[in-house]
Every structure is written in C-alpha cells, then in structure tokens.
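Thanks for coming. Please have the sequence and the structure open.

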Amino acid sequence: MGKNLTQKIIESHLVEGKMIPGEQIGLKIDQTLTQDSTGTMAYLQLEAMDVGQVKTLRSVAYIDHNMLQQGFENADDHKYIQTVANKHGIYFSKPGNGICHQVHLERFGVPGQTLLGSDSHTPTGGGIGMLAMGAGGLDVAVAMGGGTYYINMPKVLKVELTGALRPFVTAKDIILEVLRILSVKGGVGRVIEYAGEGVKTLSVPERATITNMGTELGATTSIFPTDETTRAFLRAQGREGDYIELKADADAEYDETITIDLSALEPLTALPHSPDNVKTVKEAAGIKVDQVAIGSCTNSSYLDMMRVAKILKGRTVPADVSLVIAPGSKQVLTMLAENGALADMIDAGARILEAGCGPCIGMGQAPASNAVSLRTINRNFKGRCGTTSAGVYIVSPETAAVSALEGKLTDPRTYADRVDLTVKMPEKFYVHDNMIIKPTDEPEKAEVIKGPNIKDFPVNHALPETVEGEVLIQVEDNITTDHIMPSNAKLLPFRSNIPYLSDYCLTPCDPEFPARAKALGGGFIVGGENYGQGSSREHAALVPLYLGVKGVIAKSFARIHKANLINSGILPLVFAHAEDYDKLGQGAKIVIENAPEQVKTGKVTVLVDGKPIETRIELTDKELQVLLAGGKINFIKLAQ
C-alpha cells in the first residue's frame, strides 16, 4: 500500500510512536517561528529551560502583530525579542518586514520540512509542501531546544481538486467551500491534503491561502504537493536549491475523501460571526458596506495585491466607504511601489497600512458602531475586529475591491468585462533581506534586555489529591481564545504581563469573571463544544492559571487550546454525557477526589454539589505525566 504525502513527511520525522491514527507520535521539528503576540512568553519559557543555542535548522522571531508605538510597552517587548533571539541563535524579522507567514513562505519555507509556530496560522507553510503546525509557545520553546513535538497521529482527509477556477473566482472561495462542507470542527484530528489535476492550476500563494484557512477547520494542518509551480516560486525567490518533489504515491490511501470541482465554484463569503457561515456572494449581495480591509496572512501576496490594483486602477472609492490595504511583506510593498500598482491603489482612495497583521486582529482600523466590514482575513469572530457591534464578512480580495468601489457587497464577476485580472508570477522577486537580522556569532557576549512591563509567567504545582472549587462561569459552544483572553489594541501591549491581562479574562462573556475568580481563589470553567477554538494564544491558558482555574469541563476542546491547558497543568475534562452540561451552572460546588489516580484511568467522577457526574480526560502517556507534574515546565525540570 502506498503512502500519502502527509504520511511520508511524518515518517521521515518520526521520533517516537507508530503511525496509527489517534495514537501519540513524536516528531522532530526542523524550523520554528514566533510572532510578537506569543513570542515574548515563548522566549521567557525558553530562558526558563536554560537553553543555549537553538537546535533547529532555522528559527525565526517575527514582529508583525502590534507595531503601534503608543507607549514603551511594545518597544520594550520588541527589544526583548530581538536581544533574546540574538543570544540564542534565532533570526529576527524587524517590524515592517511583514507578516510571519507571508515572509516565511517567501524567504525560509522548505518543502518536506516540519515547521512549528506559536501562531495558529502556521499551516500557511503547507502551501509550499511543509508539514507546518501551530502550537502554544511552550511547545515551540521545547522544539527550539531540540525537544520532540508530540501530537496524536492524525487521519488524512484528501481534498481532490478537479477543473480550474473561472475568472474572479479565487483560492479564498475554495477554502470557504471546504469550510461550508466540513464546518469549523470538521478538520479536528485530521490533516487536509490537497490533490488532483486542479492543484497544478493554483500558484503557491493561492495554495497558501487555502492551507492558511485550514486552521479554521480545526485541522492539525493542511498541505499541498510540490511541483514545477513550487520550483518556479522558489527560483523566483532565489531559493531553487530548497526545492524537492513531494507527492503521494499513486496507490496512496486516505481516511476520507471529498471532491471539489473548481470550475463549478463561484465567489463566496462567510457571514458574521463564523468562518463556516458561508453563502454565495450572489445570495448575500446588496448589503451596504462601510469598511473594506484587504490584507492579512491569508491574502496579502504579490498576486493578491496586483489583482486588487488592477480593479482599483482609474476608479474611485465612494466617500462613505473606508478602504485600507496592508501588503503582507516588505518584498510585496517594494514591488508594488516600483511597478506603479501602489500608486493606483492610493489614487483610488485606499489607505496603505504597514506590512503587518493590523485589522485582522483588531490592531487598528476598528469599524464604526454597527458597521459592515468586508475583510480578506481568516476569522470573523464577534468583536475580533475591535467593534463588538460590527458585522465582519470574509471575502476574497477581488470581491473586496469590487465591493469597495460599488459601496455594497457585490459579485466581482460583474467586473469581468471591465478588468483583465491576468497577473504573471514574477520570474524574479525583489529580494533585499535587510530587515531580517542574523543572530550573533558571539552569544556569550550578547545581552538580553527586559523592560519593566515584562513579568514572570505563572507556574502550576503538581496535581493534588483533591481538586475543588466553584463553577466560575458557564459559557456556550465555540468559545474562542479571543473570548478567553482578548487581544486588541488596548491589551496587546501587555502580552508579557500576565497579572495585568488577568483583569480582562473572559470579560467578553462576563465582565465580572476576573473579580469573581480572584475573590473565590479560582475554580472551574464550564464550556460547550469546541471550547478554545481560534488562535494558538497561550495566554488563554496562562491567564486562567494565574486566576486559579483548576479545570475546564467542556463538551469538546479545540486541539491547540487543550494542549495549552495541559501544558499549564489545568484539567481539560470532557462530559461523558453532554446533557450534564446543564447541571453545572455558575456557583455549583465541584470536588474531584483522588484526582491523580482518577486522571490516570481516563475517567474522572466530578462531584457537583455532592452529586456525581462522569467526565473523560483524554490524554496520551506523555500528556498524563505533564498534567500530573502540574504543567510542562515542571515536567521538564523533573526530567533534568
């Protein structure tokens, strides 16, 4: 029996375990990336492990999330990341050089290698044939130190692409169609592997758009095979030597398969407030648009930007529409400036933002109250844009540009007879890596600089015999890490200050939660399905730990957040019977007796006001040891 592409890369990096779906495996990690929202904590943890030089083939620290210098906090964090990277052998991408996933694809991604990033959209690297996965900062720090990364062996879902996209239908529409079919939970425990004749019709940036938003499926990662298109992209980046051919065997088997006919697709949009709330643009057309934001790690490539410029050229955005555009990297921005496309955008009335995440994470450009914002981003969770009352629609750059000009959500195919969207992939990209700083050759002389806003991270203690506390809050299905630990323009400067952030934990669900948690000395959180979906933000576990949260009892967990809870020593318990969710309202008293022994069995009886309910705790052997130790830092110290 032949192997699929996912199995081939996993097999070549397998350190522990057997490739049986659901069983724990350990992988060697070739590359890591961090960004500034999660990176400060990852590097504090790296230092706590007393790691000298990183052991990976390449590790890169990016500054892309918060570049607004409103006070000393951001500048201090950036200085800390730059100096700690310099000392430990990590490349540093300066503010303004671009979004981590776009830059990594351009300058560092290597087909067939493994990439672990402290950002949930790290699977963007799958567009170039990497096995690229998002994780919490502590897991990334362990990988930088040469440690093994543990996951459950995923199933592999094959998406067979047939046909070719029609004009004004895009890669964004492909992944929105996959989301429509599978939902935001449909990728859990799976790698999404793309195959079929349709693959060769897609450029590397288009493939990266698709793998980027595979994160919204809850997937472990997504991946494309490599081919001459991949080779040409690397050649244009001056990196043809990194190319290798990667493809599934002709007789490869998959756990599941779906087929998408590209020629049958039409422009799609995800309506508020979920990426899988998908309709055709034609169905939703006519909604008045107040703001349009084009960019993010999903759609900020040179090809995306050039198509937008072609649509905007010689036209004007209406007075009542705000259009902002953020190219994904310094490389892209420079090329747009050189060929005149940037001028076409500006002349049409667009505001050009710095090459970074910006509006996608609510870092500036928050819409007006009750506004409609069209964005080429990957997530439209309520309030993520910075305005709770706004409605965010996810669309392609082509739909965004046409709708900006029309002042309403518009099917971009209406411009088919007005604009030729043909854009050739450059034979040579502009390469000037002067904003990527190589680490020192003399680490022993390097100084690490920490500002006053950088505080220690909380560390748990070994799991006690009895775990008890009140239910502090009960929340609904699909609670995101943005709910648990908001990350906006107000709070992101404090990403390295857990005590400060604790006053905002779960406040989108209940403004009184932090005060209640502190007054009661901690307790339990009760959640619905898919608790902790979204960002890999480790703060969504560290801040509850600081507040004394001992466990989360939910109907199900998102993969990365569950791992972050375990790394923090917080119990991730799953209802054995979903209807028991209704028995655990706020204020209920919870007691777990003989906790370590119960956890070892995988079945935990929780006493709720003295009455038992059954829960499961699904752990690998390694996760069990981490949880019993009170978190990964304690586990590592015990192992030394």
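Which residues does Gln31 touch, not counting residues up to four places away in sequence? This is a predicted model, and in it Gln31 touches Arg58, His104, Phe108, Val110, Gln113, Thr114, Leu115, Leu116 and Met130. You will find Gln31 in strand β3, which covers residues 31–34. Gln31 counts as buried because its relative accessibility is 3%.

Two of those neighbours deserve a second look. The side chain of Gln31 makes a polar contact of 2.7 Å with the side chain of His104. Another polar contact, of 3.0 Å, links the side chains of Gln31 and Gln113.

Among the buried residues of α4 are His101, Val103, Leu105 and Arg107.

Cys100 also belongs to α4 and is buried; its relative accessibility is 0%.

That brings us to the cysteines. How many disulfides does the structure hold? The number is 0. For Cys100, the nearest cysteine sulfur is that of Cys357, 6.2 Å away, and Cys100 is in no disulfide.

Cys297 counts as buried because its relative accessibility is 12%.

That is the end of my part.

Notes
Residues are numbered from 1 along each chain as its sequence is written. This is a predicted model: local features need pLDDT of at least 70, side-chain atom pairs count only at pLDDT 80 or more; totals for chains, interfaces and linings use all residues. Side-chain values use heavy atoms; hydrogens and water are left out. A disulfide is a pair of cysteine sulfur atoms within 2.5 Å. Buried means under 20% relative accessible area, exposed over 50%, partly exposed in between (1.4 Å probe, protein chains only). Helices (H or I, at least four residues) and strands (E, at least two) are DSSP runs, numbered from the N terminus. A polar contact is a pair of N or O atoms within 3.5 Å; within protein, one must be able to donate a hydrogen and the other to accept it, and residues adjacent in sequence count only if both atoms are side-chain atoms. Contact means heavy atoms within 4.5 Å.
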